[in-house]
Amino acid sequence: MEAIIKNLKKDFNGKFSVKKKRPGIYQLYLPIYHEDGDMVDLFIRQNDNDNFELCDYGLTLQRLAYSYDIDTENKESILLKILSENNLSEHDGNICLETKTESLFSDIMHITQAFAKIGSMSYFKREVIENLFFEMLDDFVFDSLNDFHPKKDVLPIPDREDLEADYSFHPNGKPVYLFGVKDVAKARLATLSYQAYLLNDIKYHGWVVTENFEALPRKDKLRLTNSCDKQFTSLDEFKINARKFLEKERY
């Protein structure tokens, strides 16, 4: 471990210190910071001669909890996505990355950047959730509803690309069309599309899942509700109930 610490001091141009916390566990003090200026917490322990584990012993999530609760399925999905994209594991709040001597410096930079991103969730939470709405919807549709034969970006009216539905399902002979709605513009497009499908005598069931139903203007909520057959007022509600309603469409 002494040789590793010596190399790290060199890699960080001397702007580095270490403190033994418990037998075999050392805390690394690095010039790497969270959004608010606090230093990122990082520990290292040696598993065998050339294998190490970098981890935070739960301090990243503990720090986040002071200002931001992971209290919904959407928020948990965002956290899990960050962990997955950065090849990190998590056990009882302890976020870890296995590393080797030759990749230790780059892995330290990698995991601390991931910790900083997790720690910043409270600052960009609204933007993150909105940006991931369609991605999370897409993942759920094709991971959990695949037996209903979903298709993406479908044209109920072949020559009207402007009236494209986000998804279609085929539980029986009549398709179910689904629009994901996270803003006023998409709410109006869904309303217009469903009205056009009716005018073209298309047989279908029209569904909508909104990112935040209450955020829509009152008139848009009314028009959207009147134009569709089934409305899910949040992504969480859709995840809980979509399968049940698709099963009903089989009969």
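A pocket, on a 1 Å grid over the protein atoms alone, is an open set of points where a 1.4 Å probe fits, with protein on both sides within 12 Å along at least five of seven lines; its lining residues have an atom within 4 Å of a point. This is a predicted model, so local features need pLDDT of at least 70 and side-chain atom pairs count only at pLDDT 80 or more, while totals for chains, interfaces and linings use all residues. Residues are numbered from 1 along each chain as its sequence is written, and side-chain values use heavy atoms, with hydrogens and water left out.

**Stop 1: the largest pocket**

Select Ser-77, Lys-81, Glu-135, Met-136, Asp-139, Phe-140, Asp-143, Ser-144 and Lys-239. Together they line the largest pocket. Two elements give two or more residues to this lining: helix H3 (73-85) and helix H5 (125-144). Helices here are DSSP runs of H or I with at least four residues, and strands are runs of E with at least two; both are numbered from the N terminus. H5 gives the most, with 6 residues.

How big is the volume of the largest pocket? It is about 150 Å³. That volume is the space filled by probe spheres set on the grid points, which are joined across faces, edges and corners.

Now colour the lining by class. You will find 2 nonpolar, 2 polar and 5 charged residues. Ala, Val, Leu, Ile, Met, Phe, Trp, Tyr, Cys and Pro count as nonpolar; Asp, Glu, Lys and Arg count as charged; the others, Gly among them, count as polar.

**Stop 2: helix H1**

Go to residues 2-11, which form H1. Pick out Ile-4, Ile-5 and Leu-8, which are buried. Buried means under 20% relative accessible area, exposed means over 50%, and partly exposed lies in between (1.4 Å probe, protein chains only). Look down the axis of H1: its buried residues fall within an arc of 95°, so they line one face of the helix. The arc is that of the directions from the helix axis to the C-beta atoms. An α-helix has 3.6 residues a turn, so residues three or four places apart point the same way.

Turn to the other side of H1. Glu-2, Ala-3, Lys-6 and Lys-10 are exposed there. What do the buried residues of H1 pack against? They pack against strand S1 (17-22), strand S2 (25-29), strand S4 (51-55) and helix H4 (104-119). Just after H1, stop at Asn-13, which takes a positive phi of about 55°.

**Stop 3**

Select S1 and S2. They pair in the antiparallel sense over 5 bridges; strands pair if DSSP finds at least two bridges between them. Lys-19 stands opposite Gln-27 in S2. S1 and S2 form a hairpin with 2 residues between them. In the turn, Gly-24 has a positive phi of about 80°.

Of the 5 residues of S2, 4 are buried, so S2 is largely enclosed by the rest of the structure.

**Stop 4**

Move to S8 (residues 165-169). Is S8 mostly covered or exposed? Mostly covered: 5 of its 5 residues are buried. S7 (residues 151-154) runs antiparallel to S8, joined by 3 bridges. The partner of Lys-152 is Tyr-167 in S8.

S8 is also joined to S9 by 3 bridges, and these two run antiparallel. They form a hairpin with 6 residues between them. Phe-169 stands opposite Val-176 in S9.

Zoom in on Val-176. At 0% relative accessibility, Val-176 counts as buried. Beyond its neighbours within four places in sequence, its contacts (heavy atoms within 4.5 Å) include Tyr-167, Pro-171, His-205 and Leu-246.

**Stop 5**

Find Tyr-194 in helix H6 (residues 184-199). At 0% relative accessibility, Tyr-194 counts as buried.

Last, select H7 (residues 218-227). Asp-220, Lys-221, Leu-224 and Ser-227 are its buried residues. They cover an arc of only 140° around the axis, which puts them on the same side of H7. On the other side, Arg-218, Lys-219 and Asn-226 are exposed. The buried residues of H7 pack against H6, strand S10 (205-210) and strand S11 (230-232).
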